[in-house]
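Welcome! Below is a short briefing for anyone meeting this structure for the first time, with the main points sorted by topic.

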Amino acid sequence: MSRRTDVLIVGASAAGLATAEALRRQGFRGAITMLGAEPHLPYDRPPLSKQILSGAWRPERTLLRAPRMLAELQVDLVLGHRALALDVAGRTVRSTAGLFTATEAVVIATGATPRTLPTVPGLRGVHVLRTLDDALALRAELTPGGSDPARPRVVVVGEGVLGTEIAATTRQLGTDVTVAGPLSAPMVTQLGEFAAARLAELHASRGVRLRLGAGVAGLTDRDGAVTGVTLRTDETLPADVVVVAIGAGPATDWLAGSGLTLADGVVCDDSCRAAAGVYAVGDVARWHDRDANAPVRLENRTHAAEQAGVVAANIVGADRVYRPIPYFWTDQFDTKIQVHGTITPDARVAVVDGDPATGRFVARYERNGAITAVLGWNMPKQARVHREHLVTARRPHIESRTPAHSP
């Protein structure tokens, strides 16, 4: 089977859908096809480690748009089919559903693939969490049915955003939870030592065991099921369920041999253009950041939507540069943490609003006399106010070299 379309979006998650919506908002009336590897309609991923894992939401609540709204968007959704290869010159994608040729643009929005540990193939009790099906499978193991009320012992391998969110959610289910990882404190890479120490206190106060500062050497098993996690200190943490949350790599395997530059993502210019008529957006894109003067790849929901708007504008004839202020948030237990900008290890930190002792504060980070980040801890409105100082200190986060042309 071979199909032609005007714009082909490879990837049917947040970044892909945001690109299609931005194209329609900007007046694009051509045919749009969206190819997605999963069988589900586009859904949101942040709730997977919280509301879906806890059982607070039914799966359909994660849908980014209702089916009626998707129909109004007039996008041809081809779901449950993977992209296999890209011919850049012909803007043709070979997939499990056949060939798709785009007359105007191909947008790569294939996201990322979770990293895993080397394990025995088919080992029961070992999970990753990237997709809706991953979240539902993990929840099924955390909430056993029948007359036995016992919950499994859980070890989360990875002390980053996803690992700590999973630990918080599973602990709130009444499960015995341990977090293991090589870093000194949970989310220390993203939050810096000041806030990471407070996050460690929060988890410990809620009964999460932290075994940090030592990497994982491997897993133990018996009769085809995981039994523990062995640290590089030779300590073995008993486990009935292991969740591996050690980051994700950009989903670019299908682009090998395409001629695109692949290096921790699809390498793009500052307009998110990887080649003539080929763009990348979301977790898979590694674009040239003018402020850092270096290639950057970000994995967060807000970034995907903002970047999609720039890509869509460029497809319809603008010449826009993507210059974001990085942003992410995480909800753990009763705490909401928001970070605007980038926290570097050498940044000076000062509390500028609230008080850490009360569990509500805003911290500002500076490096070489310049504001680099603002962190809000249960103070979202105040964090947004202080973010304006960060905006003022930088040039506009999305700038046009020339006015956008009408489609």
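About 830 Å² is buried between domain 2 and domain 3, where buried area is the accessible area (1.4 Å probe) that two parts lose on being put together, summed over both. Carbon and sulfur atoms give 71% of that area. On the domain 2 side, Leu191, Phe194 and Arg198 lose the most area to domain 3, together 52% of what that side buries. Please keep in mind that this is a predicted model, in which local features need pLDDT of at least 70 and side-chain atom pairs count only at pLDDT 80 or more, while totals for chains, interfaces and linings use all residues. Residues are numbered from 1 along each chain as its sequence is written, and side-chain values use heavy atoms, with hydrogens and water left out.

**Domains**
- The domain assignment, which is automatic or comes from a database, gives domain 1 (2–113 + 249–316), domain 2 (116–245) and domain 3 (334–394).
- The centres of domain 2 and domain 3, taken over C-alpha atoms, are 29 Å apart.**Between domain 2 and domain 3**
- One salt bridge is counted between domain 2 and domain 3, a salt bridge being a side-chain nitrogen of Lys or Arg within 4 Å of a carboxyl oxygen of Asp or Glu.

**Salt bridges**
- The structure holds 20 salt bridges.
- One of them joins the side chains of Asp76 and Arg3 (3.0 Å, N to O).
- Asp76 lies in strand β3 (residues 75–79) and Arg3 in strand β1 (residues 2–10), so this pair ties together parts that are 73 residues apart in sequence; strands are DSSP runs (E, at least two residues), numbered from the N terminus.
- Arg206 and Asp334 also meet through their side chains in a salt bridge (3.1 Å, N to O).

**Confidence**
- The chain averages a pLDDT of 93, and 95% of the residues score at least 70; pLDDT is the predictor's confidence in each residue, from 0 to 100.
- Over residues 396–407, pLDDT stays under 50.

Methods. Contact means heavy atoms within 4.5 Å. Helices (H or I, at least four residues) and strands (E, at least two) are DSSP runs, numbered from the N terminus.
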